[in-house]
Amino acid sequence: MKSFKITIYDKYIFSQVFWATFAAILLFTVVWIAPEMLLNTIKKTLEGVYSAKTAILILFYELPKILGKAFPVGLLLGTLFTFDKLSKDSELTIFRAVGMSFFRILAPVFILSLIVTSLCFVTYDKLIPLSCQKLMDIKGSKPVTQYIYTQKDEGGHPKLAVVVSRFSMGDMSNIIVLDFSKKEYDDVHQLSEIYVAKTGKCYNDHWDLKDLTEYKVNSDGIFQSIKKINQMDILNGESAKSAYTLMSYSTKRDRDITNYDLKNYIELLKKEGLTEEYRFMLNKYLQRFFHPFVCVLLAIMGTLLGFSKPREQRLVGFTIAIGCIFLYYITLPFFDLLAEKGILPPLITALFPPLAFFGGIVGFYKSKDL
């Protein structure tokens, strides 16, 4: 198009699709939140676990996680419903009769889809991590995890292994330290000391262990002495910071982390040689950018499915739309697994679902003979 001017048609279609999409998002949110989340919140409120204010805040902060999925679904159903209605009312026939091409008809829908794409991106990047943190603060829950951190030399041999039985918010308990650094053979470092600490604290520049028992091991693998130690520092400098970051993020899901922090976490995983976790998180990071643009593809697909003959059954288009959405979300864990196990590169696993939608759009476009 040489020039584009906003016309009455653009305002009309934009308004129709906007309100249909809004209604679909609202319906999706209610259906998603009602069965379990709402009932559990009401139950705990009646039991006195939550106050009325706390219950409302919990439901409010649960919304971003739902909206991340509701935006593309709502846009697909909103465009489908609008254009199906226009087809049944013969309005699309009039638009085509006055010389409007499919792409000109699509223009206001495309603009709306870009707005929804931006909202979807911000939701995953900012709102969902923020809401997860707020929910944790409201519920007063502290994530607890077990973790094993291995410090390696340049050759990939272990120098120090730290087994943390319980970790929460920087506090550790029941820590086992395996020291391999004293004697080295050609193929492996020999275990020389074992330390068992009752408690410990993580700091940026070191880990502080208290109330330890030291077990010295000779070259034959036999304990030669046991003694008590009040305090000991381990993992000094950058290693302490890296281990703390890895252990802290092990309690979080990818959706709990902003794009910036997720990018830094991925770089740390690569540096530490945690290959499977690196591939999985890289796949999730790339999905953060590809998933929002699925909104654009679904808006185009909904428009295409809405182009129907006056007597054509409306159920056909909606069935195809629901099938596409179901297939998309049910296959995402499968692609996550392919990336994690290294069967396919993360770029391919993250990009394949949008490409599949694009292929479906091309097929529908040709089948509609537009």
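**Figure 1. Strands β7 and β8 pair in the antiparallel sense.** In this predicted model, strand β7 (residues 207-217) and β8 share 10 bridges. Strands are DSSP runs of E of at least two residues, helices runs of H or I of at least four, both numbered from the N terminus. Two strands pair if DSSP finds at least two bridges between them. Lys 216 has Ser 225 in β8 as its bridge partner. Residues are numbered from 1 along each chain as its sequence is written.

**Figure 2. Six strands form an open sheet.** The order is β1-β2-β3-β6-β7-β8, with antiparallel pairing. β1 (145-152) and β8 (223-234) are the edge strands, each pairing on one side only. From one strand to the next, the twist averages 15°. Angles run from 0 to 180 degrees between N-to-C directions, and axes are lines fitted to C-alpha atoms, for helices over the stretch in contact.

**Figure 3. Helix α2 (residues 52-88) meets helix α7 (residues 275-306).** Their axes come within 7 Å and cross at roughly 20°. That makes α2 roughly parallel to α7 (angles under 35 degrees). Contacts, meaning heavy atoms within 4.5 Å, involve residues including Phe 71 and Leu 75 in α2 and Leu 298 and Met 301 in α7.

Figure 4. pLDDT is the predictor's confidence in each residue, from 0 to 100. The chain's mean is 84, and 91% of its residues reach 70 or more. Local features need pLDDT of at least 70, side-chain atom pairs count only at 80 or more, and totals for chains, interfaces and linings use all residues.

Notes: Heavy atoms only, no water. Parallel < 35°, antiparallel > 145°, perpendicular 65-115°, else oblique.
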